[in-house]
Amino acid sequence: MKKQLTSQDIPALTEYMAGKMTAQKNALAKLDSLTGDGDMGVTVVLAFKAMTRACKRIGGMGIGEIFALFSEEVGENAPSTFGTFIAAMLLGMSEALTDASLVRAEELARALEAAGEKVMARGGAKPGDKTLLDALVPAAQAARKCADAGEELSEASRKAAQAAVAGAAATEEMKAVTGRAGYMGERTVGSRDPGAEAISLLLQYFDEFVQA
């Protein structure tokens with residue numbers, strides 16, 4: 001169990017999450033094909049390949065600088081709607097962690113909050129619109145509650161992941177109102193939002209790394 005993460009942990013974290021998310025490629029593609037164009041699985045793989053390659057260039061960088069590099073690389077190498085949102089989230093995280101030398105509960109909360117704000121600014125959606133925000137915003141809120149209570153990173157990570165899982169599950173009963181899925185309206189009720197599912201998986205795997 002890790003009480004904090006440093007810039008030196010990021011390559012191992014990235015490699016771990018890359019392997020886990022790559023294994024979800026087909027499942028995410030299938031889910032995305034129900035309401036979108038089915039490219040989410042490929043996008044996630046391309047994004048993590050880009051971040052894994054970038055890890056070879058992060059020597060001496062601070063945490064915020066690393067996430068800024070990740071954002072740039074994902075933006076260039078995962079050219080899709082979801083890739084754009086991943087890049088936006090990473091940019092928000094980099095700005096929130098500009099002066100951070102450690103990631104504890106407070107830094108996790110700040111990073112998730114900033115990621116959500118960037119997505120809302122970029123896409124114009126809000127919680128309840130059946131998007132990735134329905135997993136990300138509850139996760140940020142859970143992490144903030146832990147940080148404000150003085151809890152450890154491991155507790156904030158666990159509760160953020162749990163909130164993301166519940167948020168993603170709740171999208172099954174929502175109607176999409178934005179993006180390509182928004183054109184399907186009521187027909188999206190009954191299927192989980194693929195972006196929210198991807199966020200829930202990302203936070204579950206992040207938590208697994210923290211708990212190990």
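Mentor: Glu-197 has a relative accessible area of 17%, so it counts as buried. Buried means under 20% relative accessible area, exposed means over 50%, and partly exposed lies in between (1.4 Å probe, protein chains only). This is a predicted model, so local features need pLDDT of at least 70 and side-chain atom pairs count only at pLDDT 80 or more, while totals for chains, interfaces and linings use all residues. Residues are numbered from 1 along each chain as its sequence is written, and side-chain values use heavy atoms, with hydrogens and water left out.

Where does Glu-197 sit? It is part of helix 10. Helices (H or I, at least four residues) and strands (E, at least two) are DSSP runs, numbered from the N terminus. Not counting residues up to four places away in sequence, Glu-197 touches Leu-28, Leu-31, Ala-168 and Arg-192. Here contact means heavy atoms within 4.5 Å. Ala-78 is 119 residues from Glu-197 along the chain, and their C-alpha atoms are separated by 18 Å.

The largest nonpolar core has 66 residues. A nonpolar core is a set of buried Ala, Val, Leu, Ile, Met, Phe, Trp, Tyr and Cys residues joined through side-chain atoms within 4.5 Å. Phe-70, Leu-112 and Leu-132 touch the most other members. Several elements give two or more residues to this core, including helix 1 (10-22), helix 3 (40-54), helix 4 (63-77) and helix 10 (194-211). Helix 10 gives the most, with 10 residues.

Take Leu-132. Leaving out residues up to four places away in sequence, Leu-132 touches Phe-82, Phe-85, Met-89, Val-119, Asp-193, Gly-195, Ala-196 and Ile-199.

Go back to Leu-28, one of the residues that Glu-197 touches. Helix 2 (residues 25-35) packs with helix 3 at an angle of about 140 degrees, and their axes are 6 Å apart. Axes are lines fitted to C-alpha atoms, for helices over the stretch in contact, and angles run from 0 to 180 degrees between N-to-C directions. That makes helix 2 oblique to helix 3. Angles under 35 degrees count as roughly parallel, over 145 as roughly antiparallel, 65 to 115 as roughly perpendicular, and the rest as oblique. On helix 2, Lys-25, Leu-28, Ala-29 and Asp-32 make the contact; on helix 3, Met-40, Gly-41, Val-42, Val-44 and Val-45 do. These residues divide into six nonpolar, one polar and two charged. Ala, Val, Leu, Ile, Met, Phe, Trp, Tyr, Cys and Pro count as nonpolar, Asp, Glu, Lys and Arg as charged, and the others, Gly among them, as polar.

Next, the pairing of helix 3 with helix 4. These helices pack at an angle of about 135 degrees, with axes 9 Å apart. Helix 3 and helix 4 are therefore oblique to each other. Among the residues in the contact are Ala-50 and Met-51 of helix 3, with Phe-70 and Val-74 of helix 4. The contact divides into eight nonpolar, one polar and two charged residues.

Finish on Met-51, which lies in helix 3. Met-51 is buried, because its relative accessible area is 7%. Residues up to four places away aside, Met-51 touches Thr-14, Phe-70, Val-74 and Leu-90. The C-alpha atoms of Met-51 and Leu-69 are separated by 8.3 Å, and the two are 18 residues apart along the chain.
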